[in-house]
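I opened this notebook to keep track of what I looked up, one topic to an entry. The structure comes first, and my notes follow it.

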Amino acid sequence: MRAGIYARHSTDKQGTSSEDQIRRCQEFCRIKGYDVVKVYRDEALSGAHIENRPGINALLIGALDGRFDVVIAEDLSRISRDQADTANFFKKMIFLGVPVETVSEGLINELHIGLKSTMNALYLKDLAEKTHRGVIAAVLRGGVPGGKLYGYDLEHALDEAGEPIRGKRTINQQQAEIIRDIFAAYASGKKLKHICEDLNRGGIEAPNGGKWAPTTLVGSFVRQTGLLRQTLYNGTITFNKMQYRKHPETGKRVSILRPESEWVSVPIPELAIVNDNLFAKVQRALDIRSAKQRERKLTPKVTTEAERREASINRSREWRRKQVITGKRANAVFGGKLYCGKHGEPIVATYARHYSCKTKGCPNRSLNYDQIITLVIEAISKLDRNMIMAQFDSGKIEKRRSKLEREIEQLKGELEAVRTGLNKVIDALGPDARSHEIRAFFDDKSEQIHRLKLDISRCERELAETTPPKSIDRIVAHHKTLIAKLETWSRDPEAVAPMRQIIDRLTIHAIWNEAEECWERSCEVTFDFPAITAADKRR
């Protein structure tokens, strides 16, 4: 008889198991006088389900093609440990007329199928329970179940009996600092997307070695996964949350969340990375944000058509209301006026409350709003009486003022000359000054007078801008009032609008501090002094 041999072992640690089975089956065939025509095997595959094993599926195809007359295995458990799979395989072989024999049981019949498959299924259940008990015992001995966890390194250690402690971990200080920054940022209200962008921009690798994503931080609300929900960061390991079962049709491993009453928590304070207050604050924020997200998803499903229409109308009405008051919105006092002192590039908003120089590698990148507004208010607060007077006392300003005064006198003389000449012509002509040529002459003189008036007005305006204001003390006092408003609320429209009018440019300088090993930043302000004078005259 032609024989097809099947062998299987469950784990990679059983390196010679399949070969041992094959040799034993070959010896069995030699004694029985069978001719081995094909050997089928599945390496390091569980016997819990038959669908996901290529070796036994190839054996089924071989039986269907009539390549052998009998199937030989070491034990019925090698075929499958699942009762239904074992019975189904046996029925297929009976239908094809191919008997099944094992070295341990001999020729397989219905009694073997009922008894042995039941014993194999019980073996799997008992193995799962022993594994679960082993995990609990490992935790109580100081180990942490699961694979690699961000923020910790695996440590080789022995217990009192000299046995290795599986899952023993120590804190990775570099990763722990990143975890604390993530928790602090989320607790302050920062969006997940922005936290991930900061991490990726800083060249920090995610736990899986790729880029950070919001799902890495929050995971699944239903399964309570994600970096921000990891209780070990607070010094408590929580396990037994998930139960894994084989799908009856696909044979794939499916995770199912256990009831919270079955979860097991063991305190390990020496592995805490985040303090209790910060961890509790993040958990409350996670619950609130998750609830709002679920509400946004569920609301459209439970509202009626009339309610959805009313909500749409209210959104449109609110949008129109905001458009009406757009002119009153609170802008940043430095918006559009901020420049990098190193590259001369504008420092622009990259995302919410963060600003960067356009040049990569510049120290003036990823500056937050609070950091910038502190430097800006400190810089613009330095405006005083001496600074204003210094702008009008220089020799260059004096020459400019003298030139404008002479030009004004000259223009006024020309204007008076034109007017005097025009009056003489009118007196000489009297009632005859009505011809077309006379009217053209008068129109030309009128345009000349209008141009002279405009030039005089321009020179007087420039002279006023280069002349020290008479009320410098009033300007300084008003400026201090605006500064006080900005210190109370940096986006106060009553202070932002007038302050932006007198600021020409704000430059951020960054200097590396060797002692502190950090960048020290300062802000240089360029005031528009003519605008300061003009603003005082308008008040």
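**Entry 1, ground rules.** I note at the start that this is a predicted model, in which local features need pLDDT of at least 70 and side-chain atom pairs count only at pLDDT 80 or more, while totals for chains, interfaces and linings use all residues. Residues are numbered from 1 along each chain as its sequence is written, and side-chain values use heavy atoms, with hydrogens and water left out.

Of the 539 residues, 35% are buried, where buried means under 20% relative accessible area, exposed over 50%, and partly exposed in between, with a 1.4 Å probe and protein chains only. The protein exposes about 32600 Å², and carbon and sulfur atoms supply 52% of that area; the areas come from the Shrake-Rupley method with a 1.4 Å probe, and for residues only the protein chains shown count as cover. I also looked up contacts (heavy atoms within 4.5 Å): among those between residues at least 6 apart in sequence, 63% join residues at least 24 apart.

Two strands pair if DSSP finds at least two bridges between them. I found that strand S12 (residues 338-340) runs parallel to strand S16 (residues 503-513), joined to it by three bridges, and that Tyr339 has Thr507 in S16 as its bridge partner. S16 also pairs with strand S17 (residues 518-527), here in the antiparallel sense and over ten bridges, and Trp512 has Trp519 in S17 as its bridge partner. Four residues lie between the strands in the hairpin of S16 and S17.

Most residues other than glycine have a negative phi. Glu517 counts as exposed because its relative accessibility is 61%.

I next looked up an open sheet of three strands in the order S13-S14-S15, with antiparallel pairing. Its edge strands, each pairing on one side only, are strand S13 (347-351) and strand S15 (367-368). S13 and strand S14 (residues 354-357) are joined by four bridges, and Val348 stands opposite Ser356 in S14. The loop between S14 and S15 holds Ser366, a residue other than glycine with a positive phi near 55°. Ser366 has a relative accessible area of 30%, so it is partly exposed.

A nonpolar core is a set of buried Ala, Val, Leu, Ile, Met, Phe, Trp, Tyr and Cys residues joined through side-chain atoms within 4.5 Å. Which residues touch the most other members of the largest core? Among its 37 residues they are Val333, Phe334, Ile380 and Met499. Elements giving two or more residues to this core include S12, S14, helix H15 (472-488), helix H16 (493-502) and helix H17 (529-538), while H11 gives the most, with eight residues. Leaving aside neighbours within four places in sequence, Val333 is in contact with Ile373, Val376, Leu486, Val496, Met499, Arg500 and Ile503. Apart from this core lies another, of 34 residues, among them Ile179, Leu217, Leu228 and Ile273.

I looked up His479, whose place is in helix H15. His479 counts as buried because its relative accessibility is 3%. Not counting residues up to four places away in sequence, His479 touches Ile380, Leu383, Met499, Ile502 and Phe527.

I checked the length of helix H4 (residues 83-96): at 1.5 Å a residue its 14 residues should span 20 Å, and its end C-alpha atoms are 20 Å apart, which agrees. The expected span is 1.5 Å times one less than the number of residues. Asp85, Thr86, Phe89, Phe90 and Met93 are buried in H4. They cover an arc of only 130° around the axis, so they are on the same side of H4; the arc is that of the directions from the helix axis to the C-beta atoms. On the other side of H4, Ala84, Lys91, Ile94 and Phe95 are exposed. Just after H4, Gly97 takes a positive phi of about 75°.
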